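My entries follow in the order I made them.

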Amino acid sequence: MKLLNQPLKNIKWLKEKSKTGFKYLAGINRSIYPAQVTKLANSLNKMNCIRPIVTAVISFITGKSERYIIDGQHLFNAMIRNNMSIPYIDIKIKDKQDLVETIALLNASSKSWSMLDYITAWSSLIPDYVRLNHYYQVYDIELSTIAGIMNGGVGSSGSVTKRIKDGKFKIVNESDSVKILDYLTDILKIVPRMNRYENNYLCSEYIKFINSTKNYEKIHLKFLGRLEEKRVKFVLATQEEGKLQQLFNELTKN
């Protein structure tokens with residue numbers, strides 16, 4: 001890890017009221033939350049500062065060499081609020097991909113990034129992440145489910161999450177994926193929302209059913225009508241392994 005290779009003697013100081021400042025990585029790093037700044041400011045009053053801000057001088061953002069905060073933007077603002085000199089240490093960043101990977105690595109040792117944080121960061125570099133974030137805003141479906149569908153339904157939710165974090169997420173057959181999201185949205189308008197486990201189980205089993213049913217698009221409306229009639233039975237089917245597939249198949253019979 002780059003930071004661990006930096007000797008403590010390389011720590012620099014930005015004096016209070018200095019005219020020189022640091023830039024923020026808007027759209028790549030997380031947004032700044034005032035409540036978190038307040039929490040850190042209170043901590044600084046009790047313990048002073050025990051770690052430096054991590055920065056890097058880079059030119060590929062604006063074409064001009066400027067110093068950006070890589071990690072510690074909340075701490076930076078807390079020290080400004082407390083009128084403190086700010087310790088910082090520079091690390092080397094070679095390109096935008098290295099930047100995103102380094103930010104994610106540093107955050108993994110403090111407050112871990114959510115999947116949406118990774119998507120936001122990689123969106124600055126990879127168009128597929130922009131599209132994934134778009135569909136997350138459009139559909140009222142859990143992010144991991146949307147990502148799995150857009151990724152072609154390959155592997156488990158854990159493997160999809162890993163691909164997202166590693167910057168390797170790719171959208172497969174976008175038009176077909178959107179159809180599945182539309183179908184799933186129709187289903188969720190009929191059945192009641194349940195707990196997270198049952199919702200995920202429903203989505204997973206329904207996607208398997210669609211993919212295994214030939215010409216499903218031709219029977220979708222009829223399927224919805226029959227599902228409406230079996231709503232109570234459907235809810236019970238989510239409580240027992242294998243029952244959903246059995247019910248789905250029953251609803252497609254003539």
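Is N83 buried or exposed? I looked it up, keeping in mind that this is a predicted model. N83 has a relative accessibility of 56%; the cut-off for exposed is over 50%, so N83 counts as exposed.

**Entry: backbone angles**

I placed N83 in the loop between α2 (73–81) and β4 (86–90). Its phi is near 55°, a positive value in a residue other than glycine. I noted this because most residues other than glycine have a negative phi.

I then went to N48, which is not a glycine either and has a positive phi of about 65°. N48 sits in the loop between α1 (34–47) and β2 (53–58). With 47% relative accessibility, N48 counts as partly exposed.

**Entry: salt bridges**

How many salt bridges does the model hold? I found a count of eight. I looked at several of them one by one.

I began with R30 and D117, whose side chains meet in a salt bridge at 3.2 Å, N to O. R30 lies in the loop between β1 (12–14) and α1, and D117 lies in helix α4 (residues 115–123), so this pair ties together parts that are 87 residues apart in sequence. I checked burial for both partners. R30 has 18% relative accessibility and counts as buried; D117, at 17%, counts as buried too.

Next I looked up R131, which forms a salt bridge with E174. I noted 3.0 Å between the closest N and O atoms. This pair links distant parts of the chain, with R131 in helix α5 (residues 127–138) and E174 in helix α8 (residues 174–190), 43 residues apart. R131 is partly exposed, with a relative accessible area of 34%. E174 is partly exposed as well, at 27%.

Which residue does K208 meet in a salt bridge? I found E205, at 3.3 Å, N to O. Both residues are in helix α9 (residues 196–212), and because they are three residues apart there, about one helical turn separates them. K208 has a relative accessible area of 47% and is partly exposed, whereas E205, at 8% relative accessibility, counts as buried.

My last look-up was for shared partners. Salt bridges of that kind join K12, R67 and D90 into one network.

Note on methods:
Residues numbered from 1 in each chain as written. Predicted model: local features only at pLDDT ≥ 70, side-chain atom pairs only at ≥ 80, totals over all residues. Heavy atoms only, no water. Helix = DSSP H or I, 4+ residues; strand = E, 2+ residues; numbered from the N terminus. Buried < 20%, exposed > 50% of the residue type's maximum accessible area, 1.4 Å probe, protein only. Salt bridge = Lys/Arg side-chain N within 4 Å of Asp/Glu carboxyl O.
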